[in-house]
Amino acid sequence: MPKLQGFEFWSRTLGGARHVVAPMVDQSELAWRLLSRRHGAQLCYTPMLHAQVFVRDANYRKENLYCEVCPEDRPLIVQFCANDPEVFVQAALLAQDYCDAIDLNLGCPQMIAKRGHYGAFLQEEWDLLQRMIQRAHEQLSVPVTCKIRVFPEIDKTVRYAQMLEKAGCQLLTVHGRTKEQKGPLSGAASWEHIRAVRRKAVAIPVFANGNIQCLQDVERCLRDTGVQGVMSAEGNLHNPALFEGRSPAVWELAEEYLDLVRQHPCPLSCVRAHLFKLWHHTLQVHQQLREELAKAKTLEGVAAVSQELKLRCQEDMLRQEGEEPSGGLPFFHWICQPYFRPGPKEGSKENTGARSKRALEEEEGGADVVSKNKQKKQLRNPHKTFDPSLKPKYAKCDQCGNPKGNRCVFNLCRGCCKKRAFKETADCPGHGLLFKTKLEKSLAWKGAQSQLQEPPQAGPGDPGGFPEVLGSALA
């Protein structure tokens, strides 16, 4: 059967999907995808998978895709991050029999993507992207799709989308934010960019991503941009029933999700992360249970904390009957609802696009602010301190400035010491580097081997070189 392309692929293989759950690292696992499908999602993506690891590691493939056959989890698109055409195609070939399409991640804006040189940090390398998509399009039995972020300029975004379509992309998801828009600097996504791509640029299906918190947002996005489908990430995490247009009690979806996890196990870190999202507003009220949820080490422990949160909410319902929701929320805290990420303070004359997350935290909380990541570390180790004045002082390496080894004979760090010891054939017992000793042992061993291989000298009365006794025995 020939490979379907473009609108034919979207309408026949994907069933004309309009409600889409985004690929989310450690968040769009099988159990969550099944929960989302039960509540209106028509298409799901796997979490972003690392193509190189997928090719190299059979356990990684088994844990993330080969774990079990689940007919309910279709249609499904597998997303990879990659920066090498050959590796991307190898990974896609291993995955194509388990999905309906392969997606190339060109939208991840995180620092890990910058270090790994993938995601949104490839968006300027058009020649590389053309080769990756073209090769995948030619060699795979399923279509190749892309998820991108926009450029600040609409015309460059349009040309970018056209280039991807020409290379062989059969469906394009456009996140209406630039790669700089993330965390506290996210801001609103530009539907204007998405509308330009859909109406002026390409002749393939387009999905929109960004500013989706409720079903009304979905319908408005479809109407304003003309896209074929709408993808949700944050909105789906806080309310998996978003595509149904419902806002149920949190415990209803939490209990349903935990039942699915028991049927389709996943790492406890994923489960805990989902419950933190679902119970986000309630945990602002019952903060002591936040620590209990963070410390839970088993699935049943996590479920017990969720049950306790349910009981607390039911008590709050009785106590607050007839009152209005507090804290500026549209609903009471025990109802699934969006979370709006706080942005930079209004009225600031600084260019917020160039400010760091830490700078924003310090502006809001002063010098004593402790980030969420540091709070988690303190939960694991209450004695841990982040006071710079209490950090131990280290003597610096003479060459690179890193901490030097206390017992290094060259007063260097291990990396610099290794280079110098190798160059000079020297030893540094402090760093466990024994180049000189190993060389001496090697030379001694070679000398002993050469002596053993020398033929024995002939003795008196033994012209053949054998001892006299052995010679007489053989005679």
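Strands β7 and β8 run parallel and are joined by four bridges; strands are counted as paired if DSSP finds at least two bridges between them. The structure is a predicted model, in which local features need pLDDT of at least 70 and side-chain atom pairs count only at pLDDT 80 or more, while totals for chains, interfaces and linings use all residues. Residues are numbered from 1 along each chain as its sequence is written, and side-chain values use heavy atoms, with hydrogens and water left out.

Helices (H or I, at least four residues) and strands (E, at least two) are DSSP runs, numbered from the N terminus. The protein has 21 helices and 11 strands. It comprises 475 residues, of which 45% are buried. Here buried means under 20% relative accessible area, exposed means over 50%, and partly exposed lies in between (1.4 Å probe, protein chains only). The accessible surface is about 25,600 Å², and carbon and sulfur atoms account for 51% of this surface. Accessible areas come from the Shrake-Rupley method with a 1.4 Å probe; for residues, only the protein chains shown count as cover. A contact means heavy atoms within 4.5 Å. Of the contacts between residues at least 6 apart in sequence, 63% join residues at least 24 apart.

Strand β7 (residues 172-175) is covered on both faces. Leu172 and Val174 are buried on one side, and Thr173 and His175 are buried on the other. A crossover is right-handed if, with the strands pointing away from the viewer, the path from the first strand over the helix to the second runs clockwise. A right-handed β-α-β unit is also made by β7, α9 and β8.

Helix α10 (residues 215-225) has the buried residues Leu215, Asp217, Val218, Cys221, Leu222 and Thr225. These buried residues line one face of α10, because they fall within an arc of 160 degrees when seen down the helix axis. The arc is that of the directions from the helix axis to the C-beta atoms. An α-helix has 3.6 residues a turn, so residues three or four places apart point the same way. On the other side of α10, Gln216 and Arg223 are exposed. The buried residues of α10 pack against β1 (19-21), α9 (191-201), β8 (206-209) and β9 (229-232). Just after α10, Gly226 has a positive phi of about 80 degrees. In the loop between β8 and α10 lies Asn211, which is not a glycine but has a positive phi of about 70 degrees. Asn211 is partly exposed, at 24% relative accessibility.

In helix α19 (414-424), the buried residues are Cys416, Cys417 and Ala421. Seen down the axis of α19, they fall within an arc of 125 degrees, so they line one face of the helix. The face turned away from this buried side carries the exposed residues Lys419, Phe422 and Lys423. The cover over the buried residues of α19 includes β10, β11 (433-434) and α20 (435-453). Helix α19 is followed by Thr425, with a positive phi near 50 degrees. Thr425 is found in the loop between α19 and β10 (427-428) and is partly exposed, at 33% relative accessibility.

Most residues other than glycine have a negative phi, and most peptide bonds are trans. The peptide bond from Arg74 to Pro75 is cis, with omega near 0 degrees. Pro75 is found in the loop between α4 (58-64) and β4 (76-81).

A disulfide is a covalent bond between the sulfur atoms of two cysteines. With a disulfide taken as a pair of cysteine sulfur atoms within 2.5 Å, the count of disulfides is zero. Cys270 is in no disulfide, and the nearest cysteine sulfur, that of Cys266, is 5.1 Å away. Cys270 is buried, with a relative accessible area of 4%. For Cys400, the closest cysteine sulfur is that of Cys413, at 3.5 Å, which is too far for a bond. Cys400 is partly exposed, with a relative accessible area of 39%.
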